[in-house]
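This report concerns charged side-chain pairs and their surroundings. The sequence and structure are shown first.

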Amino acid sequence: MPVEEFVAGWISGALGLVLGHPFDTVKLLGFFKGMSFPIASIALVNSVLFGVYSNALLALTATSHRQRRAQPPSYTHVFIAGCTGGFLQAYCLAPFDLIKVRLQNQTEPRAQPGSPPPRYRGPVHCAASIFQAEGPRGLFRGAWALTLRDTPTLGIYFVTYEWLCRKSTPDGQKPSSATVLVAGGFAGIASWVTATPLDVIKARMQMAGLKQRAYRGLLDCMVSSARQEGLGVFFRGLTINSARAFPVNAVTFLSYEHLLHSWG
Ligand SMILES: CN(C)C(=N)NCCC[C@H](N)C(=O)O
């Protein structure tokens with residue numbers, strides 16, 4: 001199994017997250033001041049996504065990434081490979097994402113001096129507390145919603161990227177850096193626009209363990225959220241997700257393509 005796509009995915013994920021860091025810091029109320037937790041999680045997950053995607057395409061079309069410009073895979077194959085990458089990345093992402101959501105939802109950073117200390121002191125303390133209170137399965141709370149979010153939307157991600165690259169590049173040629181940047185940016189936006197409704201539900205299910213709020217399942221969470229707050233609830237965070245998605249994914253794809261190209 002070729003591993004260079006995993007390595008390129010790791011490096012490009014790390015570069016993307018450096019750009020996304022200011023957005024994440026705003027979203028996370030300053031809890032991700034350090035870079036070690038995001039690098040360990042997002043870059044690793046990006047490595048799984050791009051590595052699995054490329055190897056799934058190799059299995060489906062018998063073409064390596066070097067041959068794919070001359071023999072482009074069908075969009076159906078791109079979609080299936082993207083969904084496979086999305087499915088597997090969701091499982092790797094689940095514990096990290098749970099920790100992120102739990103830290104993000106702590107209200108303590110806004111608290112006044114003299115108020116009680118935050119429930120979680122940081123990512124490691126958060127993971128250990130969830131493990132103690134809810135057992136190992138607790139770390140995978142919301143994993144199903146994450147899988148449902150990431151499987152089709154990562155298919156859409158790679159199809160959008162390929163489609164935009166092919167539309168703006170003569171047949172058989174390598175897309176220019178500008179094309180890769182724009183296609184990568186719009187691929188990120190397309191994936192986040194479609195992912196946002198399930199992103200909202202996933203976060204609610206992940207918080208359920210903490211807030212003692214029991215949902216009977218994904219559907220129950222969707223229905224009761226929509227009943228109580230209206231359909232607009234499914235689009236919370238859409239603007240910041242999209243604003244973050246463009247630069248992060250433009251740089252992710254550009255560095256990924258450049259690394260693979262420079263390694264031959
Ligand atoms: C859940 N969705 C929509 C995605 N994972 N989309 C792919 C973008 C990945 C990139 N690291 C980012 O954080 O934007």
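## Arg 102 and Glu 134

Arg 102 is buried, with a relative accessible area of 0%; buried denotes under 20% relative accessible area, exposed over 50%, and partly exposed in between, with a 1.4 Å probe and protein chains only. Glu 134 is partly exposed, at 25% relative accessibility. The two side chains form a salt bridge, with an N to O distance of 3.3 Å; the term denotes a side-chain nitrogen of Lys or Arg within 4 Å of a carboxyl oxygen of Asp or Glu. Arg 102 belongs to helix H3 and Glu 134 to helix H4 (residues 123-134), so the pair ties together parts that are 32 residues apart in sequence. Helices are DSSP runs (H or I, at least four residues), numbered from the N terminus.

## Basis of the model

The model is predicted: local features need pLDDT of at least 70 and side-chain atom pairs count only at pLDDT 80 or more, whereas totals for chains, interfaces and linings use all residues. Residues are numbered from 1 along each chain as its sequence is written, and side-chain values use heavy atoms, leaving out hydrogens and water.

## Pairs involving helix H6

In the salt bridge between Asp 97 and Lys 202, the closest N and O atoms are 2.5 Å apart. Asp 97 lies in helix H3 (residues 75-104) and Lys 202 in helix H6 (residues 177-211), so this pair ties together parts that are 105 residues apart in sequence. Both Asp 97 and Lys 202 are buried.

Arg 149 forms a salt bridge with Asp 199, also with closest N and O atoms 2.5 Å apart. Arg 149 and Asp 199 are both buried.

## Network

A network of salt bridges links Asp 97, Lys 100, Arg 149, Asp 150, Asp 199 and Lys 202. The structure holds 14 salt bridges.

Definitions and conventions:
Helices (H or I, at least four residues) and strands (E, at least two) are DSSP runs, numbered from the N terminus.
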